[in-house]
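Reader: I would like to learn how to read a protein model feature by feature, with the general idea given before the particular case. Could you take me through this one?

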Amino acid sequence: MDAKFLASGRLSLNGQTLFWLLGLGLSAAAVGLDGTLGNAVSLGASITVPFIVAALGSSLLGFSAVPLLRALKTGQFIREEGPQGHLKKAGTPTMGGAFFVPVAVVVALVSTGFARDSVAVSLLTLAYGAIGWVDDWQVIQRRSNKGISPRAKLALQIAVAVLFCLWVLTSQPASITTVALPLGLGLPLSFLFWPLAGFVLVAESNATNLTDGLDGLMGGTGAIAFMGLAAIVAPTHPDLMVFCAAMAGACLGFLLHNHNPARVFMGDTGSLALGAALGAVGILSGNLFALLVLTLLFFAETLSVIIQVGYFKATKGPDGVGKRFFKMAPLHHHFELSGWSEIQVVAVAYAVTAGLAVLALQVR
């Protein structure tokens, strides 16, 4: 899509309109998927019911949680080197993941009757959310945009990933180490599957963390990604389908308070949890390739940061100053500085993620 077209104002959306369009679209998708799959209209056997319950629960809880977060002085600190238009967002409550992620987990656990796989992915999601909460809390306490050290955060992420992989190793059949590919093919990785699985968990959580940089960006793309993943795993893992549906609904409910102009941010508490949940479902369902396709937007955000840092270092002159490949990284900031409005960037991200979800369904 041409940036000049997007910047021209022809795409005249506001945050609220975009939220309702997404909500209607996801609701229609949920009903359509249940009809196609022949799912019963019940809490534990469909996509639609847990999606709606989690969306309502998350949105309603937000009306009390957001004022509480504001009263606790959890205002976000905005880095000065970021887009100047974002400085006005300073003070917006963060740590929103603390209220919408638990809603998804509770709905998923109750809906599936505390099924083993649902419990496992829920615990992993909460563990990564806890890592994010510690980071967010440190940011607030230090009154800066720096939380726990990157090394400490990465070490915690790896530790939780190792524990999850050990559980998968001891509880799942040996066939889980074969990654499903298109055309009915499979890639048997044997012991190489385990470092890949650990990498997926850490990489997905960091990718969603980097994507969470605009009002409604991660909340909306996360809802779409989980809806797509629910459809992908539905034929073989109904419990994980329900978990994904609940996560999609909780993201949508959070988006009621997070769409532009945002009244609350999800913080690392939410973004790390979302990526870990996506990775865990992909691992347990044997759909790592489909997950890669589904989350290409998140990895594009990550890749833009890697390219930016690498290019800056490679072109650094005697004065210690290098060149920038993008106007700013992650990628969504590059588009902002290229003349796109925040709403336009988010709308296109929704469309791209929806397209990737359709593509992932074809290659699963």
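Author: Let us begin with a term: helices here are DSSP runs of at least four residues, numbered from the N terminus. Please keep in mind that this is a predicted model. With that numbering, P330 is found in the loop between helix 12 and helix 13, the latter covering 331-337.

Reader: What kind of peptide bond leads from A329 to P330?

Author: As a general idea, most residues other than glycine have a negative phi, and most peptide bonds are trans. In this structure the bond from A329 to P330 is cis, with omega near 0 degrees. Another cis peptide bond joins N260 and P261, where omega is about -5 degrees, and P261 sits in the loop between helix 9 and helix 10. As for phi, K73 has a positive value near 60 degrees although it is not a glycine, and this residue lies in the loop between helix 3 and helix 4.

Reader: At what angle do helix 8 and helix 12 pack?

Author: Two packed helices are described by the angle between their axes and by the distance between those axes. Helix 8 (residues 217-233) and helix 12 (residues 296-314) pack at about 140 degrees, and their axes are 10 Å apart. That angle makes helix 8 oblique to helix 12. The contact is made by L217, M218, T221, G222 and A225 on the side of helix 8, and by L297, F298 and E301 on the side of helix 12. These contact residues divide into five nonpolar, two polar and one charged.

Reader: Which residues lie nearest the centre of the second largest pocket?

Author: Rolling a probe the size of a water molecule over the atoms shows where empty space is left. The second largest pocket holds about 270 Å³ of space, and among its 17 lining residues L26, A29, I224, M227 and A354 lie nearest the centre. Helix 2, helix 8 and helix 14 each supply at least two residues of that lining, and helix 2 gives the most, with seven. The lining divides into 15 nonpolar residues, two polar and no charged.

Reader: How many aromatic pairs are there?

Author: Rings pair if their centres lie within 6.5 Å, and by this rule the count comes to 10 aromatic pairs. In one of them, the rings of F99 and F254 have centres 5.9 Å apart and planes at 50 degrees, so the pair is tilted. F99 lies in helix 4 and F254 in helix 9, so this pair ties together parts that are 155 residues apart in sequence.

Methods. Residues are numbered from 1 along each chain as its sequence is written. This is a predicted model: local features need pLDDT of at least 70, side-chain atom pairs count only at pLDDT 80 or more; totals for chains, interfaces and linings use all residues. Side-chain values use heavy atoms; hydrogens and water are left out. Axes are lines fitted to C-alpha atoms, for helices over the stretch in contact, and angles run from 0 to 180 degrees between N-to-C directions. Angles under 35 degrees count as roughly parallel, over 145 as roughly antiparallel, 65 to 115 as roughly perpendicular and the rest as oblique. Contact means heavy atoms within 4.5 Å. Ala, Val, Leu, Ile, Met, Phe, Trp, Tyr, Cys and Pro count as nonpolar, Asp, Glu, Lys and Arg as charged, and the others, Gly among them, as polar. On a 1 Å grid over the protein atoms alone, a cavity is a set of points where a 1.4 Å probe fits but cannot get out, and a pocket is an open set with protein on both sides within 12 Å along at least five of seven lines; lining residues have an atom within 4 Å of a point. Grid points are joined across faces, edges and corners, and a volume is the space filled by probe spheres set on the points. Rings of Phe, Tyr and Trp (its six-membered ring) pair if their centres lie within 6.5 Å; planes under 30 degrees apart count as stacked, over 60 as edge-to-face and the rest as tilted.
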